[in-house]
Amino acid sequence: MLAPWLCTIGFFLLWEVFCRVFGVSSYVLPAPSDILDATIAYWWPLLFHSFHTLWMTTAGFILAIVFGLVLGLALGASRFVHAGLYPLLVGFNAIPKVAVVPILVIWFGVGWLPAVLTAFMISFFPIVVNVATGLATIEPEVEDVLRALGARKLDIMLKVGVPRSLPYFFGSLKVAITLAYVGSVIAEYNASRNGIGNLMARASADFNVPLLFAALIALAVLGIMIYAVMAWLERRMTAWAQRSQFAA
């Protein structure tokens, strides 16, 4: 349990020593002590904008979970749906979401909605792929046995496919939540008056590099918090699937 704390403290100590020994300017790479000073000086803007980013990311992430779960079940249960929609999903996911933000601003204006939608669009694809994979990879022998016992396709999907997909599903959530933060910050940077992304844009315009790094660390803390929640849910819901000694 001490390993994460020791590694984190050691990382920041090495960072501090590097900046002090080589005399790195705070305008290039601020030392952790300079970032701490900026955090104390701007604690209220950091707290306010962090909560704004947190709720926008959470809203987009929840939309991604609902949409990704439904679409993943559809793709995994039907070969026709998979063959028809999967190329469209791949093509949509290949579009850089930063290029979509100006379109969202034209449609919805500057505010919270472009950030929520960007977080949703950038994070739903891993959920869809993993849920569909979990359903589509049910062993044929299991399906044959269940069909011989009179099970319908819906019974196989609900009683075998869905539980089998849970490890894939929760694994995808841990990936998707980090992507959701990327999406919300991109939108905030370009199309919002609030949020960590907007704070970073203003800090960059003022050449306030310590505040810029303080905002980045605030984002890292938010991401770790939500990731920890997803990891806890995964352990609670899929402990039966973690049989390997290498399981995280």
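**Figure 1. Phe207 in the loop between helices H9 and H10 of the predicted model.** Phe207 sits in the loop that joins helix H9 (196-205) to helix H10 (209-237); helices (H or I, at least four residues) and strands (E, at least two) are DSSP runs, numbered from the N terminus. Its phi angle is near 55 degrees, a positive value in a residue other than glycine. Phe207 is classed as exposed because its relative accessible area is 63%, where buried means under 20% relative accessible area, exposed over 50%, and partly exposed in between (1.4 Å probe, protein chains only). Residues are numbered from 1 along each chain as its sequence is written, and side-chain values use heavy atoms, with hydrogens and water left out. As this is a predicted model, local features need pLDDT of at least 70 and side-chain atom pairs count only at pLDDT 80 or more, whereas totals for chains, interfaces and linings use all residues.

**Figure 2. A nonpolar surface patch that includes Trp43.** Trp43, Trp44, Leu47, Phe48 and Phe51 together make a nonpolar surface patch of about 580 Å². Patches are made of residues with over 30% relative accessible area and no salt bridge, like charges being joined within 9 Å and nonpolar side chains (Val, Leu, Ile, Met, Phe, Trp, Tyr) within 5 Å; a salt bridge is a side-chain nitrogen of Lys or Arg within 4 Å of a carboxyl oxygen of Asp or Glu. Accessible areas come from the Shrake-Rupley method with a 1.4 Å probe, and for residues only the protein chains shown count as cover. Trp43 belongs to helix H3 (residues 43-77) and counts as exposed because its relative accessibility is 53%.

**Figure 3. The largest nonpolar core and the surroundings of Ile127.** This core has 46 residues, and those with the most contacts inside it are Phe61, Leu89, Ile127, Phe169, Leu173, Tyr181 and Ile196. At least two core residues come from each of helix H1 (3-21), H3, helix H6 (112-136), helix H8 (153-191), H9 and H10. A nonpolar core is a set of buried Ala, Val, Leu, Ile, Met, Phe, Trp, Tyr and Cys residues joined through side-chain atoms within 4.5 Å. Beyond its neighbours within four places in sequence, Ile127 is in contact (heavy atoms within 4.5 Å) with Ala64, Ile65, Gly68, Leu69, Phe169, Ser172, Leu173 and Ala176.

**Figure 4. Ser123 within helix H6.** Ser123 counts as buried because its relative accessibility is 0%. A polar atom of its side chain lies 2.6 Å from the backbone oxygen of Ala119. Not counting residues up to four places away in sequence, Ser123 touches Gly60, Ala64, Ala176, Leu179 and Ala180.

**Figure 5. Trp15 in helix H1.** With 14% relative accessibility, Trp15 counts as buried. Its contacts, leaving aside neighbours within four places in sequence, are Leu29, Pro30, Ala31, Pro32, Ile35 and Phe213. Trp15 and Phe120 are 105 residues apart in sequence, and their C-alpha atoms are 34 Å apart in space.

**Figure 6. The protein chain as context for the close-ups.** The chain has ten helices and zero strands. Its C-alpha atoms fill a box of roughly 75 × 50 × 25 Å along the principal axes. Of its 248 residues, 38% count as buried. The accessible surface comes to about 14300 Å², of which 74% belongs to carbon and sulfur atoms.

Methods: A polar contact is a pair of N or O atoms within 3.5 Å; within protein, one must be able to donate a hydrogen and the other to accept it, and residues adjacent in sequence count only if both atoms are side-chain atoms.
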